[in-house]
Amino acid sequence: MEKEKLKALLDDMSLKEKADQMLQLMGAFYQEDKEGILTGPARDMGVGEEDIQLAGSILGTYGAGKLKKLQKEYMEKQPHHIPMLFMMDVIHGMKTVFPMPLAQGAAFDPELSEKCAAAAAKEAAVSGLHVTFSPMVDLVRDARWGRVMESTGEDPYLNSRLAQAQVKGFQGEDMGAPYKVCSCIKHFAAYGGAQAGRDYNTVELCEHTLRDFYLPSYKAGIDAGAGMVMTSFNTVNGIPASTNKWLMRDVLRKEMGFDGVLISDFSAILETVAHGHSKDEADAARKALEAGVDIDMMTSVYSANLCKLVEEGVVDEALIDEGVMRILELKNRLGLFENPYKDADEEEEKTVILCKEHRNLAREAAGKSFVLLKNEGILPAAPGKKTAFIGPYTDNKEIISSWAILGDVASCVTIKEAAEKVFDPGLTTFCSGSPVLSERELKGLVGFGPGKPVSVSEEEQEKLLQEAVEAAKEVELVIMPLGEHYLQSGEATSRGMIDLPEAQVRLLREVAKVNENIAVVLFTGRPLDLREVSRIARSVLVVWLPGTEGGAAAVDVLTGKVNPSGKLPMSFPYCTGQIPVHYNAYSTGRPDNVGEVRFRSKYIDIPNEPLYPFGYGLSYTKFEISPVKLSGGVVTDEKAVTASVTVKNTGERAGTEVVQLYLQDIAASVVRPVKELKGFVKAELEAGEEKEITFVIDEPMLRFLRADGTVGSEEGEFNLFIGNSSDTDNQAKFRYES
Ligand code: BGC
């Protein structure tokens with residue numbers, strides 16, 4: 001539809017009709033059994049039948065047949081026959097589930113993430129969906145926060161590259177094209193900075209930290225064309241994001257140039273009352289509208305108050321028109337005025353969902369996301385050797401994360417299912433050895449949904465343990481698939497202690513008493529405290545929550561069919577007390593390698609360094625990286641410098657190394673991080689092969705928020721590092737002269 005027609009449509013809409021375009025309800029409001037529903041959420045929320053009929057979008061319902069019917073019925077009743085938008089959290093896949101976002105961070109592979117997002121978009125689109133609430137691009141530094149699994153990690157550059165890639169995958173060049181959906185960047189802003197890792201908690205960041213670390217990934221997603229942005233629950237500089245006019249109008253809209261639809265997070269506008277920022281719901285509605293929030297997710301704050309506020313002269317109707325116009329424009333970009341069903345297709349649902357192509361991609365992506373933390377030569381496993389698989393993830397299909405809400409658990413491949421195809425049945429045994437969680441730990445998950453884990457009696461636990469110990473005695477190699485329960489990460493799953501569940505620690509200790517050749521395969525939604533696991537096991541492979549083909553990919557890597565190449569996108573702390581720990585910390589005046597030992601910035605009981613740093617990960621082969629060669633010593637505004645290294649595969653099998661470039665601005669008007677990732681290249685090398693890897697260093701790379709509040713570079717010396725982890729000391733120096 002042309003712009004003038006949209007404008008004419010808007011002009012013809014009643015105030016009530018417009019206000020309800022800004023209301024989003026859950027699919028439950030539109031089920032056949034309205035009577036039942038109206039006594040439930042609708043009554044509690046204060047939305048009436050009219051609002052339900054006029055709401056501009058719904059979330060959380062999918063299925064081609066269901067959504068086509070709903071759209072048809074809705075449009076017949078909508079006074080201007082405006083189509084409705086269908087939105088859902090399709091985060092790391094729909095029915096076919098790809099590795100969780102933090103795992104995709106570990107793959108350091110934007111192209112791969114783009115493909116995963118495109119496959120997810122296709123499954124979502126044929127199921128009738130128009131928008132996905134993804135990607136989450138919140139920078140994370142605190143492994144206690146359960147939502148770190150939804151992020152791609154602690155680095156602004158890596159997060160930005162992956163934000164861009166995912167938006168491109170979901171939307172393509174044109175979100176109205178077949179099999180594409182609108183992408184919604186979330187949660188604006190800095191939701192990952194929750195104090196002490198407690199979900200929904202206060203965020204306290206100075207503007208330098210906010211701008212240098214937290215904002216770049218949102219900007220990257222917006223520059224890639226994301227059609228929507230979601231507000232965050234937290235405060236930013238003391239004001240809840242959803243009513244934060246400076247954040248939304250000045251930063252998001254003006255500075256970042258975002259002109260799409262801004263949606264609140266689930267009931268986040270209403271929550272500004274509990275925050276103590278809005279005095280009541282009407283006040284919250286006014287503030288959110290003035291901040292430019294276009295859709296109120298799942299509360300009646302807008303639908304019950306906006307008309308009244310206009311009639312009383314408290315808010316200007318033009319603000320409502322502005323928001324509704326953006327919503328109509330989004331519907332138009334998706335082509336819904338011409339075809340309100342877009343790609344919804346019952347027949348295609350059958351062929352696209354969980355198709356071979358998507359499953360293959362899920363397997364490839366999972367294999368590329370695994371990180372080998374330690375290996376004393378016991379991996380890859382030789383299928384001809386006597387091997388025992390011992391651990392609760394040996395034959396467990398719950399490997400898709402709590403944000404894979406539509407994921408098909410039954411279709412997941414377990415390690416046992418995959419291993420049975422490769423390992424010699426006469427030489428291989430499988431047992432769980434323990435439940436994922438002990439009775440005590442299960443109590444912490446009370447109230448969680450249908451996937452609630454079943455408890456195992458103490459007697460049964462003893463039996464499982466004994467069986468495991470017996471199995472371990474017999475074999476040359478013990479592979480232990482262990483890890484967090486998938487309900488221990490995701491929303492509202494903050495943990496005060498990030499250890500492996502206790503029943504599994506006991507299992508590991510007991511098995512180690514009879515067999516020291518242990519390779520741990522770690523399923524987890526977050527970095528864990530792995531001190532004991534790393535001490536006991538001779539090999540540790542992190543497989544995260546790997547998705548539908550997780551077991552198959554794990555066996556690919558365990559047997560060496562796929563050589564691990566993942567790198568940590570987030571530091572694994574030495575212990576919880578070290579959090580937040582991240583490689584790109586600001587320099588201090590008393591670093592731990594200078595001056596009198598006692599008075600340094602350090603702990604007296606633990607090291608400063610994480611157990612495993614950002615960017616770290618091993619391979620089954622070895623790589624050598626040469627000293628850095630610079631094409632010149634001075635970067636200017638006109639002249640870039642190149643920095644190169646030669647990477648050689650000195651081992652005996654082909655492998656992939658992620659070569660990483662870091663910079664440090666040695667002295668600046670504000671203190672700069674000790675290192676910042678500025679580039680990476682994945683080098684695929686045959687055994688014995690070498691390649692030259694070159695990075696271009698130019699002025700834009702050197703910019704930051706300066707002391708005077710402007711963004712730009714400053715003259716002076718820089719350290720440059722190229723290596724295969726953030727702890728590299730392969731260094732060179734250059735100057736920047738303006
Ligand atoms: C989450 C969002 C999500 C929304 C809709 C909220 O609780 O914070 O990330 O998109 O629910 O499901």
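**Reading burial, sheet order and helix packing**

Analyst: Cysteine 355 is buried, with a relative accessible area of 15%. The model is a predicted one.

User: Why does cysteine 355 count as buried?

Analyst: Buried means under 20% relative accessible area. Cysteine 355 has 15%, so it falls in that class.

User: Where in the chain does cysteine 355 lie?

Analyst: Cysteine 355 sits in the loop that links helix H16 (346-352) with helix H17 (356-369). Its C-alpha atom is separated by 25 Å from that of leucine 334, and the two residues are 21 apart along the chain.

User: Next, the sheet. In what order do the eight strands stand, and is the pairing parallel or antiparallel?

Analyst: In general, strands of a sheet pair through backbone hydrogen bonds, either parallel or antiparallel. Here the sheet is open, with the order S9-S6-S5-S4-S3-S2-S1-S10 and parallel pairing. Strand S9 (261-263) and strand S10 (296-297) are the edge strands, each pairing on one side only.

User: How many bridges join strand S2 to strand S3?

Analyst: Three bridges join S2 (residues 57-59) to S3 (residues 85-88), and these strands run parallel. Serine 57 is found opposite leucine 85 of S3.

User: Which strands does H11 lie across?

Analyst: H11 lies across strand S5 (182-188), strand S6 (228-231) and S9. Relative to S5, H11 runs at about 135°.

User: Which residues of helix H11 are buried?

Analyst: In H11 (residues 245-255), the buried residues are Leu247, Met248, Arg249, Val251, Leu252 and Arg253.

Technical notes:
Residues numbered from 1 in each chain as written. Predicted model: local features only at pLDDT ≥ 70, side-chain atom pairs only at ≥ 80, totals over all residues. Heavy atoms only, no water. Helix = DSSP H or I, 4+ residues; strand = E, 2+ residues; numbered from the N terminus. Buried < 20%, exposed > 50% of the residue type's maximum accessible area, 1.4 Å probe, protein only. Pairing = 2+ DSSP bridges. Contact = heavy atoms within 4.5 Å. Axes fitted to C-alpha atoms, helices over the stretch in contact; angles between N-to-C directions.
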